[in-house]
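Good morning, and thank you for coming. Today I shall speak about disulfides; please look at the sequence and the structure.

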Amino acid sequence: MKTVAVLSLLIAATLAVDGPSNCYKTCQGSATEWMVGDHAGSDGEGMVKVEVDLTGCGFSSPPVVHAMLHGENHNIQTKGGASGLRDLSATGFTLNIQKEMESGWNITPEKAEAHGWELLWTASGYGC
């Protein structure tokens, strides 16, 4: 009986060490390479976007993404900072941000860069 108990304990210990992981992971980063957005005006103003590459994260399905727009100026009262995700997949996504003001100030990639806009993002999901 003692032999069975010891053998069971050894098997359980081996399985605990070599057992499968839960494969859940979190990856984070930032994006600053702004380009003209998908629905900008004919003059290329009013919307910018960034493309985020998630291939280094190793997700096996589209992750849950949280995004925040950081900047030195004109980064508040924008549209799409967290809800403008497009083309979300295990390997990446794009995010559009709209900023048009009644004063005529409209966002462009050059203005986003000049004002230090940076998309901070965190992605969580599975990947084995």
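The disulfides of this chain follow the pattern 1-4, 2-3, where bonded cysteines are counted along the chain. A disulfide here is a pair of cysteine sulfur atoms within 2.5 Å. The structure holds two of them. This is a predicted model, in which local features need pLDDT of at least 70, side-chain atom pairs count only at pLDDT 80 or more, and totals for chains, interfaces and linings use all residues. Residues are numbered from 1 along each chain as its sequence is written, and side-chain values use heavy atoms, with hydrogens and water left out.

Let us take the pair Cys23 and Cys128, whose sulfur atoms are 1.6 Å apart. This pair links distant parts of the chain, 105 residues apart: Cys23 is in the loop between helix H1 (2-18) and strand E1 (24-31), and Cys128 is in the segment after strand E7 (118-126). Helices (H or I, at least four residues) and strands (E, at least two) are DSSP runs, numbered from the N terminus. The torsion about the S-S bond of Cys23 and Cys128 is about 130°, so this disulfide is right-handed.

Are these two cysteines buried or exposed? Buried means under 20% relative accessible area, exposed over 50%, and partly exposed in between (1.4 Å probe, protein chains only). Cys23 is buried at 17%, whereas Cys128 is exposed at 77%.

I turn to Cys27 and Cys57, with sulfur atoms 2.1 Å apart. Cys27 lies in strand E1 and Cys57 in the loop between strand E3 (47-53) and strand E4 (64-70), so the pair ties together parts 30 residues apart in sequence. The S-S torsion of Cys27 and Cys57 is about -70°, so the disulfide is left-handed. Cys57 is buried, with a relative accessible area of 9%.
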